[in-house]
Amino acid sequence: MKSRIRTWCSAALALTLGLTLLSGPTSVQAAGNADYNLTGFSQGNTGGGSISESDTSKYKKVYNATDLAAALKKNSGVKVVEIMNDLNLGWNEIPSAAQTSPFAKHNDALTHPVLKQTGVSKLTIDSFNGLTIFSANGAKIKHVAISVKRSSNVIIRNLEFDELWEWDEATKGDYDKNDWDYITLEENSNVWIDHCTFNKAYDGLVDSKKGTSGVTISWSLFKGDDGSANSWVTQQINELEANKASYPMYNYLRSSAVGLSKADIIAISSPQKKGHLVGSTSFESANANLSMTLHHNLYKDIQDRMPRLRGGNAHAYNIVMDATGARAAKSKITSAKAAAISSKGYHFDIISNGAISTESGAVLVEKSVIQDVQFPVRNNQTNPADATYTGKIRVTDTMYSLDGSSFRGSSDTSGSPLSPVPAAVKGFSWNGFSSLPYSYTTDDPATLNARLTGSSGAGAGKLTWSKDNWLKTSY
């Protein structure tokens with residue numbers, strides 16, 4: 001891989017300038033409101049509409065779990081839900097009055113000291129046609145997995161999701177038990193997730209399944225843990241460190257057989273494993289309906305699935321995949337340590353994948369930035385010799401850097417490090433149409449890092465707007 005990148009290193013002084021911009025100051029001029037118009041596959045999504053706060057039957061201000069349960073109960077008639085403050089929604093945190101549909105108890109926490117106390121809830125938003133959920137102040141929602149089912153014209157804006165990860169001893173680090181995703185979309189049409197922040201989760205961050213169509217995720221921040229003194233991951237590792245005998249996997253990683261320090265384990269545990277799974281079952285007939293647009297999103301230390309598509313169509317433009325921290329953490333696992341870990345059947349590593357298309361799905365990545373992702377573009381994850389498992393994926397005018405080597409260009413340029421692996425490349429074409437069914441405007445990728453990390457960039461709490469702006473879809 002490195003040799004393929006280095007063939008391009010002397011190609012352009014302009015690229016060097018572009019990367020300097022990427023690593024420079026993050027302050028940017030505030031973007032115009034029109035930059036936040038709804039576009040992509042969810043174009044035409046009306047959400048709940050511009051409902052007046054005075055219409056208390058359709059506009060609900062939510063201060064607690066009981067309010068939220070009433071507003072999101074099936075057939076409630078509510079069109080707009082304004083989250084007024086942070087909400088702790090673990091099963092043991094919500095009152096008995098809220099422990100009913102649409103809330104349900106989720107899988108029990110087994111290792112995280114906080115989640116063992118708070119519990120975890122599942123919140124199901126079912127059969128809504130026209131719904132906007134937003135916060136004017138970037139409120140944080142914790143300890144809950146949200147499932148949106150059989151709904152249309154749903155908008156979720158300016159919310160932060162947090163504290164839904166724990167150390168996995170039960171499946172030896174395979175993270176295959178709790179099924180905690182912040183948001184799962186099933187059998188929906190037209191869902192827009194905008195200006196939201198997603199912190200580290202046990203499973204996925206936003207997954208789209210069962211033929212969900214018309215999804216746009218924009219101006220959102222997806223990030224791993226920062227490993228600071230009281231971070232979510234650090235709290236978990238402190239618990240394991242104090243009780244090593246109760247946690248065989250952790251104890252083994254800390255033993256002389258592997259030799260990882262507590263700080264090493266925090267660093268390796270901090271990146272988020274999965275981003276977006278689009279289509280959960282191979283060759284499911286409904287996969288043909290899948291459609292998702294990702295734009296102006298920042299993926300900070302996400303290891304995989306930006307996105308991972310089975311069938312259908314996905315379009316990613318002006319996104320940043322920055323895995324710099326994850327790649328540095330991976331270097332702590334030497335080949336000898338990796339062999340010792342796998343010898344016991346444990347899974348403790350960092351993977352490094354970017355955008356993935358399989359099973360004839362079509363993914364276009366354009367004018368984006370990919371930093372320190374080892375396998376930025378993949379087209380088969382099952383059997384490279386079997387073309388039925390291979391997807392169509394193309395990259396255009398994207399900046400790629402790995403271990404100090406740099407490239408700017410497309411996937412179809414000879415010798416490009418952005419050429420799909422590991423299967424023979426399938427010619428790119430959309431599924432079901434010849435060109436994208438919406439218009440959009442792109443930015444120069446050299447400006448993206450500064451823009452998305454700036455004061456009006458990606459994530460919740462970045463925009464200070466009047467409430468009515470969060471109900472609009474164009475400006």
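Trainee: Which residue is the bridge partner of Y317 in β24?
Mentor: Let's begin with the terms: helices (H or I, at least four residues) and strands (E, at least two) are DSSP runs, numbered from the N terminus. Two strands pair if DSSP finds at least two bridges between them. In β24, the partner of Y317 is E366.

Trainee: What kind of model is this?
Mentor: Residues are numbered from 1 along each chain as its sequence is written, and side-chain values use heavy atoms, with hydrogens and water left out. Local features need pLDDT of at least 70, side-chain atom pairs count only at pLDDT 80 or more, and totals for chains, interfaces and linings use all residues, as this is a predicted model.

Trainee: S151 sits in the loop between β8 (144-149) and β9 (152-157). Is S151 buried or exposed?
Mentor: Buried means under 20% relative accessible area and exposed over 50%, with partly exposed in between (1.4 Å probe, protein chains only). S151 touches, among others, I125, F128 and N188 (contact means heavy atoms within 4.5 Å). With a relative accessibility of 4%, S151 counts as buried.

Trainee: Which residue's backbone oxygen does the side chain of S270 reach?
Mentor: S270 lies in the loop between α7 (262-269) and β17 (277-278), and at 6% relative accessibility it counts as buried. Beyond its neighbours within four places in sequence, S270 is in contact with K200, G224, D225, G227 and V233. Its side chain comes to 2.7 Å from the backbone oxygen of I266.

Trainee: How wide is the arc covered by the buried residues of helix α9 (residues 335-343)?
Mentor: The buried residues are K337, A340 and I341. The arc is that of the directions from the helix axis to the C-beta atoms. They lie on the same side of α9, because the arc they cover is only 100°.

Trainee: Which helix is included in what covers those buried residues of α9?
Mentor: The face turned away from the buried side of α9 carries the exposed residues S335, A336 and S343. What covers the buried residues, on the other hand, includes α6 (248-254).

Trainee: What is the radius of gyration of the chain?
Mentor: The chain has eleven helices and 29 strands. Its radius is taken over C-alpha atoms, and the globule rule is 2.2 Å times the number of residues to the power 0.38. For 475 residues the rule gives 23 Å, so the chain is as compact as a globular protein of that length, with a radius of gyration of 22 Å.

Note on methods:
A polar contact is a pair of N or O atoms within 3.5 Å; within protein, one must be able to donate a hydrogen and the other to accept it, and residues adjacent in sequence count only if both atoms are side-chain atoms.
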